[in-house]
Amino acid sequence: MPAGLRRRFTWQSATEYGIQAVLFGCALLSVLTTLTIMGVLFSESWAFFQHVSLTEFLGDTEWTPDLEQKQYGVWPLVFGTMQITFLSGLIGLPVGLLAAIYLSEYAAPQTRRVLKPVLELLAGIPTVVYGYFALRFLTPYVIKPVFEGLLGLNVDGFNALSGGIVVGIMIMPMVCSLSEDVLRAVPQSLREAGYALGSTKFDVSVKIVVPSALSGIFASFLLALARGVGETMAVSIAAGQQPTLTLNPLSQIQTMTSFVVNVMKGDVEVGSMLEKSIYAVALMLFLITLLMNLVSQIVLRRYREVYQ
Amino acid sequence: MSQSHDAYRRELARRRRLVWAFEWLCRSAAWGSLAVLVVFLGAIVYEAWGWVELGFLFRPNHDEARQAGMMGAIWGSIWLIGISTLLSVPVGIGAAVYLEEYARPGWFTRQIQLNISNLAGVPSVVYGILGFTVFVRCFGAFDRPQKLSLSLGFVEIPFQLPFGAVVLSGAGTLTLLSLPTIIIAAQEALRAVPASLRHASYALGATKWQTIWHQVLPAATPGILTGVILAMSRTLGETAPLAVLGAASYVSFAPGNIRGISDLASHPEKLLAAPFDKFTAMPLQVYTWIDAPNPEIQEHVAAAGIVVLLVFLILMNSVAIVIRNRFQQKIRW
């Protein structure tokens, strides 16, 4: 081999490798972040479970770590979170999907150009603002008149319903834009085949396009629900701070996220059980949302492979 | 014969009604979002009417509703966003460049990619707890706070270890929080740069890094910039992580106690002390007001704070939109 073609050490190639190494470090930082999150949560939760048995954590039905009589049953917080997630899903998922069908199947390009930024704006509003809206507007002017005035039910000033509704509004744009992407990825030929067989637009949308995109829609639902599980400020402002094991959406509750914020915004004694309990709750929150995110990522990837 | 014809017509009418009803259902779902947005903003502007004035922006906060102000919160947010942008943008773009330009497709790259998407889905409270443990408490490595000072020859900057809930801790937390979003946005912008551009550069003898630095990154800049600004506006509205850090909502002055440009001219060292000072931020201030015992603050001052916050967000978003439109017209591949 002629000497000129052999790879020689030059400053140029050294710089190239150096830069590549730095960039690799940047990418690795994300892995480091995940590891630190897991390390912190697991180690501090470990300290918590030295004092509280797992059977108490998952078997007891009272959560009172800040009272004299301490009980560490996590179910009231889990129920609170599930209530908010369920209510928000009840609103956000169907409305988001219908809006996505409208944008992908019905809307003219000009309409899309107007609606898309509106949805982006709705998704970009900070969650404290949603909380304010729920507490100051939804509860006194919508929920109280309907449920207390018309149906004669007792409505708390803080209630799960108002929190659930605003979280639903918050996740709706997310469902809409993710679902729209998967709906648009359905090949045009499927729609045309439907029309050729005499289907109406309704038939094509509901019986062909949506079923073909079902796994992608499912993934978008899961991603949005995970967002609802992790939603913090709106819920802690609107839904209250009382851990109660209830299914009544008109009463005050506390979610896992609002427990964390409520304790941390005050001064927590370092090393106290109250502080440790936060890590245990956060670990649970992290694992639940991680699971939901992972499943939806995998489903979405499969879906993309089918149509591309 | 005619009977089956009638049945067919009835069926056809039913199907037409279904088509019509479904289209309206979808249409109202989509336009309903606009209606919600209007009601939403209307209610807030109504509550804030007469409370947002110039003084409100330039006053430190006060317990008295009519004297409450946002000056400290606005400066706190500016410091937070400024520092976290300085930290997250280079790292985020670096990670995106690595993943798009260097990484070979394979198991490891897929894991990093999956990890970034998962990080984007981690609830922001969890980032708050991460920041609290890593920055505010420094893993509990110190028994009691140690007062230290950084000597730069011409000025001494006092700080303590563990850091406590200072600007730097908040900015660090927000950096970790916004990184995944920035990486994903930058990746999309890089992917939109056509391969022919890279090939042309290689054909002229440029190295990989020269190609990236002189061709790919400039071409992707508008896309990256749009993504970065949108991510920043998200970060600006983040409340939960700051509340978890224990950022002090009673702080009413700007970080470093900077009172204005003339103050800065006579005491330039305040600029260096600010990152180690306690802070509050706009969304956090709003949260405190919503929680306040005084009903006037709860309703009107909180709404006024929200209006100011939203104006900042809209400004940032419009900058992003202007950049997007401007460059979309210029560049055609």
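Reader: How many salt bridges does the count come to over all chains?
Author: This is a predicted model, with local features kept at pLDDT of at least 70, side-chain atom pairs only at pLDDT 80 or more, and totals for chains, interfaces and linings taken over all residues. Residues are numbered from 1 along each chain as written, chains are lettered from A and ligands numbered from 1 in written order, and side-chain values use heavy atoms, leaving out hydrogens and water. The rule wants a side-chain nitrogen of Lys or Arg within 4 Å of a carboxyl oxygen of Asp or Glu. Over all chains, the tally is 14.

Reader: Which helix do Lys207(A) and Asp203(A) both lie in?
Author: Their side chains meet in a salt bridge, at 3.1 Å from N to O. They sit four residues apart, about one turn of the helix. Helices here are DSSP runs (H or I, at least four residues; strands are E, at least two), numbered from the N terminus. The one holding this pair, residues 201–212 of chain A, is helix H8.

Reader: Which residue of chain A does Arg137(B) meet in a salt bridge?
Author: Between chain B and chain A there are four salt bridges. In the one made by Arg137(B), the N to O distance is 2.9 Å, and the partner is Glu275(A).

Reader: Which helix of chain B gives the most to the side that touches chain A?
Author: Contact here means heavy atoms within 4.5 Å, and 74 residues of chain B are in contact with 76 residues of chain A. The top contributor on the chain B side puts in 20 residues; spanning residues 2–48, that's helix H1.

Reader: What is the area buried between chain B and chain A?
Author: Buried area is the accessible area (1.4 Å probe) that two parts lose on being put together, summed over both. Carbon and sulfur atoms give 76% of it here, and the total is about 6800 Å².

Reader: In chain B, which residues lose the most area to chain A?
Author: There are three names to pick out, and together they make up 10% of what that side buries. They are Phe22(B), Phe40(B) and Tyr287(B).

Reader: Why is the pair of Phe24(A) and Phe108(B) classed as it is?
Author: Rings of Phe, Tyr and Trp (its six-membered ring) pair if their centres lie within 6.5 Å, with planes under 30 degrees apart stacked, over 60 edge-to-face and the rest tilted. The structure holds 20 such aromatic pairs over all chains. This one crosses between chains, from helix H1 (residues 11–51) of chain A to helix H4 (residues 107–120) of chain B. The centres are 6.2 Å apart and the planes at 40°, so the pair is tilted.
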